[in-house]
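Have a look at it first, then read on.

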Amino acid sequence: MNALTSLDRPSSYIGRSVPRPNAKRLLAGRGRYVTDIVLPRMLHVAYVRSPYAHARIVSIDAQAAREMPGVKLVATGRDLARLCTPWVGTMEHFKGMKSPPQLPLPVDKVVWSGQAVVAVVAETRALAEDAAETIHVEFEELPTVVDIDAAREPGSPVISPALGDNLCFHGKIDTGGVDDVFANAAHIVEEEFHFGRHTAVTMEPRAIIADYDASEPQLTVHHATQTPYQFQNVYSRHYGIPESRVRVIAPDIGGSFGMKLHMYHEDMAVVGLSIMLGRPVKYVADRIESFVSDIHARDHRVRARMAADAYGEIIAMDVEDVTAIGAFSAYPRTSVVEGNQVYRLMGAPYLLRNYRADLQVVFQNKVQMSQYRAVGHPIACTVTERLVDMIAGKTARDVFEIRNRNLIPDDGYPCTSPTGYQFEALSHHACLAKLRQMMDYDQLRAEQAELRTKGIHRGIGIATFVEITNPGPAFYGVGGARISSQDGAIIKITPSGDVRCLISVTELGQGTETIIGQIVAEHLGVDRNRIKVITGDTETTPHGGATYACRGAGIGGETALQAARKLKEKVLSVAGAILQEAPANLDIQNGWIVETATLRQRVELSEIARIVYFRSDTLPPGTQAQLSVAHHYAPQGYPFAFTNGVQGCHLELDVETGLVNILKVWVVEDCGRIINPLLVDEQIRGGVVQGLGAAFFEECVYGENGQLTNGSLADYLVPMAVEMPDIVIGHVETPTLDTQLGAKGVGEAGTAAASAAALNAVNDAMAPFGGSIAQLPMTPARILKALGYI
């Protein structure tokens with residue numbers, strides 16, 4: 001038997017340790033090695049997916065597929081269940097939360113249309129897909145649960161009977177006395193808001209290669225994920241492999257926006273398939289698969305009302321949010337986090353103290369829904385800011401004036417919101433004043449009035465926002481999830497005097513490595529070009545939370561800063577011993593040890609490295625000849641570093657077609673200390689475009705039977721370059737005092753308020769016609785309906 005076929009193990013070998021053959025042999029008399037065998041060749045997997053949103057699996061006939069050329073394995077849910085323990089997407093601090101157990105592939109029934117049912121592994125993806133087409137799965141269709149109201153009605157079909165009903169979580173916040181406040185309020189506004197499901201549509205889809213070597217044993221997973229350490233723990237626990245034997249490598253990936261945080265059934269199956277075969281197995285989701293398997297977001301129906309006194313001061317808010325998440329809660333971060341942030345961020349920028357909110361998270365037969373860029377922020381911001389504009393209309397006040405009257409004063413911090421969020425220091429009034437100046441607001445209003453006389457209808461909308469960044473242990477750790485709130489960095493000087501920084505935050509295309517390198521360069525005193533930043537490998541980089549929730553600069557950057565300063569102390573200690581000078585009198589600048597007082601160059605860093613690595617015998621006794629540090633950091637002060645800002649949107653509405661032309665967007669944002677202005681501004685611009693996508697284009701549309709009807713880029717609209725308006729960025733800087741760096745997050749700021757500003761602008765444009773809209777996306781048909789034309 002040759003080496004390659006010895007790895008094509010039949011199912012009887014599953015679980016047995018089969019050593020991989022040695023890939024080299026000594027070439028006699030020549031003292032060198034040559035390749036002797038073919039290494040295990042990568043296999044590819046394709047999945048048979050359910051055409052039904054809810055159905056029992058009656059039988060699976062895969063015999064024809066198993067006999068097709070190139071097919072190495074056909075696996076069902078029962079096969080993988082022998083290797084993998086179930087997981088449940090709940091967290092302890094969401095009291096009463098429930099969700100059914102999940103496995104890589106279903107055993108008894110499917111719960112959404114597009115769910116993977118059977119895995120086919122073959123020598124090429126094409127062969128796997130051809131074989132998958134021959135598999136016959138007999139289903140017994142079950143009643144679907146699609147509508148969020150129907151899902152909660154008594155007698156409605158229950159997706160997971162063991163749970164008793166279709167309610168995943170029920171949360172309440174009540175400061176008390178809200179009904180009395182509304183009963184005596186001078187002004188009350190209310191609205192029902194609908195938010196369309198949408199999904200990430202990243203430039204690069206999900207991808208994974210799992211490679212299990214039973215001879216070690218060792219599992220190596222190349223995974224397009226934001227959080228390699230999270231998945232190292234997940235694969236270890238659910239496949240019973242010691243964590244030290246699981247390596248997850250997360251290369252630079254083409255976008256994520258939160259979508260690549262979550263456990264996906266296909267990815268978990270790939271790991272099991274590699275274990276079964278002892279060979280590398282690869283899966284890359286195509287676009288159509290992405291639409292029916294990537295997490296969706298923002299599926300909310302919110303009924304809200306706001307009360308104000310005769311002077312236009314907001315005095316109370318009452319909110320009911322029902323959000324539908326699919327047939328189970330996503331793992332390990334749960335699908336409740338989005339709804340939780342929605343009802344806790346309502347009214348966040350304002351002085352109101354009377355607040356009541358009810359959150360219901362509901363199961364349904366659709367694709368799972370969970371965290372996506374600016375988790376919950378756009379819903380909370382849109383509801384709040386639309387109601388504030390309605391209060392302005394009720395009291396005949398300008399939209400800037402009503403906000404000036406109600407926003408928390410910039411000198412009113414620290415303070416705590418009615419929902420329990422603690423704000424260290426925000427800058428709403430400074431941001432609002434700067435936005436008004438940037439927009440040339442008075443001139444825009446004058447121009448709007450003049451154009452209306454000519455039949456041209458433009459709208460101006462603004463929206464303030466608060467963004468959650470730098471989450472501490474109270475975010476996930478408190479719920480029992482093995483998701484770290486800290487980050488780690490190892491920084492070392494190489495023998496040549498270069499610097500290598502291994503850090504736990506990951507690179508998603510947003511500039512993590514640039515920011516970290518910049519911070520290390522500044523605080524170590526070395527040219528940025530001599531610093532190499534390494535991310536995304538659980539084997540080489542220290543454990544940490546990695547990249548999510550806008551924590552890359554605020555927590556990862558702070559980790560790098562503190563590590564760089566520690567390393568600098570070590571270098572100066574050694575330099576002081578060599579130069580017979582007190583370390584306090586020395587500094588590092590541009591890779592040279594210099595005198596602090598005169599900046600006179602004394603010795604190059606590379607020379608210090610040469611002595612430490614190769615001639616430590618020449619150092620004075622007792623000198624610690626170490627040029628590396630390992631450091632971890634986690635936030636210890638406020639649970640979050642909240643940022644804030646305000647956006648303005650200017651657009652033109654064609655009242656005959658319902659089409660909207662977005663003319664310009666302005667953003668004033670306060671992310672604390674700005675480290676790299678270019679990266680900050682482009683993060684904001686990208687976020688704004690995603691927010692406008694939700695406002696006007698993006699929606700996953702389902703039929704009554706739970707079928708996604710627009711699951712391809714031929715039907716699902718995303719904003720393109722032609723829809724991207726001019727976006728003008730301004731800044732206010734209020735550094736957090738929790739860290740030495742002072743940086744907060746910025747990656748979600750653009751998305752947080754873009755939809756809200758756009759909604760207010762469209763309603764402003766429709767005001768002369770008495771129309772009003774409260775549904776996103778604002779499609780031409782919906783706008784025409786709001787205008788009373790259809």
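This is a predicted model: local features need pLDDT of at least 70, side-chain atom pairs count only at pLDDT 80 or more; totals for chains, interfaces and linings use all residues.

Residues are numbered from 1 along each chain as its sequence is written, and side-chain values use heavy atoms, with hydrogens and water left out.

**Helix pairs**

Two packed helices are described by the angle between their axes and the distance between the axes. Here, axes are lines fitted to C-alpha atoms (for helices, over the stretch in contact), with angles running from 0 to 180 degrees between N-to-C directions. Helices are DSSP runs of H or I with at least four residues, strands are runs of E with at least two, and both are numbered from the N terminus.

| Helix pair | Axes come within | Crossing angle |
|---|---|---|
| helix 10 (residues 377-394) and helix 11 (residues 399-406) | 9 Å | roughly 110° |
| helix 15 (residues 552-579) and helix 16 (residues 605-614) | 11 Å | roughly 80° |

Helix 10 and helix 11 are therefore roughly perpendicular, a label for angles of 65 to 115 degrees (under 35 is roughly parallel, over 145 roughly antiparallel, and the rest oblique). On the helix 10 side, the contact (heavy atoms within 4.5 Å) involves E385, V388, D389, I391 and A392, while helix 11 brings V399, I402 and R403. Sorted by class, that's five nonpolar, no polar and three charged residues. For the classes, Ala, Val, Leu, Ile, Met, Phe, Trp, Tyr, Cys and Pro count as nonpolar, Asp, Glu, Lys and Arg as charged, and the others, Gly among them, as polar.

Helix 15 is likewise roughly perpendicular to helix 16. V571, V574, A575 and I578 of helix 15 meet L605, I608, I611 and V612 of helix 16. This contact has eight nonpolar residues, with no polar and no charged ones.

**Strands**

Strands of a sheet pair through backbone hydrogen bonds, either parallel or antiparallel. Two strands count as paired if DSSP finds at least two bridges between them. An open sheet of four strands runs in the order 22-30-31-32, with mixed pairing. Strand 22 (457-467) and strand 32 (726-731) are at the edges with a single partner strand each, so one side of each has no neighbour in the sheet. Neighbouring strands here are turned by 15° against each other on average, direction ignored. Strand 31 (residues 660-670) pairs with strand 32 in the parallel sense over six bridges, and K664 has D726 of strand 32 as its bridge partner.

Elsewhere, strand 4 (residues 55-61) runs antiparallel to strand 6 (residues 109-110), joined by two bridges; A55 is bridged to V110 there. Strand 4 also pairs antiparallel with strand 8 (residues 136-141) over six bridges, where R56 stands opposite E140.

**Two buried residues**

V302, in strand 17 (residues 300-308), counts as buried because its relative accessibility is 0%. Buried means under 20% relative accessible area, exposed over 50%, and partly exposed in between (1.4 Å probe, protein chains only). Leaving out residues up to four places away in sequence, V302 touches several residues, including F193, F195, M346 and I379. V302 and I379 are 77 residues apart along the chain, with their C-alpha atoms separated by 8.6 Å.

S274 sits in helix 7 (residues 265-277) and is buried too, at 0% relative accessible area. A polar atom of the S274 side chain lies 3.2 Å from the backbone oxygen of A210, and one lies 2.8 Å from the backbone nitrogen of Y212.

Note on methods: A polar contact is a pair of N or O atoms within 3.5 Å; within protein, one must be able to donate a hydrogen and the other to accept it, and residues adjacent in sequence count only if both atoms are side-chain atoms.
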